[in-house]
Amino acid sequence: MDYRFRDEFLLMALVALAREAGDRILEVYQTMTDADIAFKSDDSPVTAADIAAHHCLADALPGILAIPLISEEGEIPALAERLQWRRYWLIDPLDGTREFITRNGEFTVNIALIEDGKPVLGVVHVPVHKVTYAAINLPDENQVVALKIDGDSSPVVIHGRSLTGPNAAQLPLALLASHRHERADLQPIIEPIEAQWPAGVNVEHAGSSLKFCWLAEGRADLYPRHGLTSEWDTAASQAVLEAAGGAIVEAVAMHLGEWQPLAYNNRESLLNPFFYAVADRHFDWSALLQTIPVASAYND
């Protein structure tokens with residue numbers, strides 16, 4: 001199958017690049033010591049693996065498409081400059097640095113192409129498991145596909161689980177959370193849902209962008225995020241999730257009855273608003289989620 005993106009480059013070339021960055025990460029992962037870990041001004045960790053993956057991606061992406069690039073590990077231009085960009089690369093060379101440090105294997109390499117504020121292409125690679133998720137997300141051009149590539153196997157098209165069927169409510173709603181949020185932390189979210197969902201709620205935990213990819217491949221239904229994230233944390237996986245039939249929508253807008261997908265490069269800060277990531281965008285999530293207290297549910 002040919003997954004060319006507008007004849008400008010092969011999606012699979014980005015998959016290969018993400019895998020190369022993943023190999024750079026694994027070299028550090030296998031020999032990591034405390035000397036490989038530092039902390040930024042906001043106390044978030046950064047490792048030698050973050051930097052190695054950043055250089056791998058930042059050096060190669062201009063050769064694929066010569067447009068601006070934003071990386072978690074690079075300098076962020078002012079909004080006035082960024083507003084001149086119609087499209088640009090947005091990357092997180094190592095998403096889930098805390099997962100990397102705790103060595104649970106749930107960290108990813110994220111590459112997104114942003115066009116007119118939307119993620120139109122995304123690659124999320126999981127180095128430890130040698131699994132890659134990739135998507136073209138251009139519905140206006142009839143180019144939409146979400147893929148999962150397991151090692152050297154052929155790509156498989158993935159879709160989120162539908163909740164619109166007559167028997168969907170007979171199964172528990174699968175809700176995702178980070179490893180730092182126990183079920184008790186999520187009770188302000190779980191209780192309003194359980195009041196309306198007959199089969200109750202099951203909570204599963206995952207790290208980094210894996211949560212969005214699990215939604216995209218039908219392993220879960222909802223990831224509520226009422227805590228801070230940055231645009232590079234969500235862009236690549238938003239492309240994958242949207243192409244698989246899901247969405248990431250702003251929480252406050254949802255509670256006002258509005259459907260507002262996350263948008264990019266439209267404000268000075270690169271912090272995202274609180275959001276809900278859902279596997280089935282055709283389900284009536286507003287009715288299910290409107291009674292959740294957005295600001296007080298939990299914080300990271």
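**Reading cysteines, pockets and a binding site**

Student: Is Cys56 buried or exposed?

Tutor: Cys56 is buried, because its relative accessibility is 5%; buried means under 20% relative accessible area, exposed over 50% and partly exposed in between, with a 1.4 Å probe and protein chains only. Cys213 is also buried, at 1%. This is a predicted model, in which local features need pLDDT of at least 70, side-chain atom pairs count only at pLDDT 80 or more, and totals for chains, interfaces and linings use all residues. Residues are numbered from 1 along each chain as its sequence is written, and side-chain values use heavy atoms, leaving out hydrogens and water.

Student: How many disulfides are there?

Tutor: A disulfide is a covalent bond between the sulfur atoms of two cysteines. Here the count is 0, the rule being a pair of cysteine sulfur atoms within 2.5 Å.

Student: Which residues lie nearest the centre of the largest pocket?

Tutor: Rolling a probe the size of a water molecule over the atoms shows where empty space is left. On a 1 Å grid over the protein atoms alone, a pocket is an open set of points where a 1.4 Å probe fits, with protein on both sides within 12 Å along at least five of seven lines; lining residues have an atom within 4 Å of a point. The largest pocket has 31 lining residues, and Glu72, Arg98, Leu228, Thr229 and Asp233 lie nearest its centre. Elements giving two or more residues to this lining include β6 (87-95) and α7 (231-243); helices (H or I, at least four residues) and strands (E, at least two) are DSSP runs, numbered from the N terminus.

Student: Which residues does the UniProt annotation "binding site" cover?

Tutor: The unreviewed UniProt entry lists Glu72, Leu94, Asp95, Gly96, Thr97 and Asp233. They spread over 162 residues of sequence, yet cluster in space, with a largest C-alpha distance of 11.8 Å. The lining of the largest pocket includes Glu72, Leu94, Asp95, Gly96, Thr97 and Asp233.

Student: What does Asp233 touch?

Tutor: Asp233 is in helix α7 and is buried at 18%. Leaving out residues up to four places away in sequence, Asp233 touches Asp92, Asp95, Asn110, Ser209 and Phe212, where contact means heavy atoms within 4.5 Å. Leu94 lies in strand β6 and is buried at 0%. Among the contacts of Leu94, beyond neighbours within four places in sequence, are Ile25, Glu72 and Phe107.

Methods
UniProt positions are given in the numbering used here, feature names are shortened, and annotations may be inferred rather than shown by experiment.
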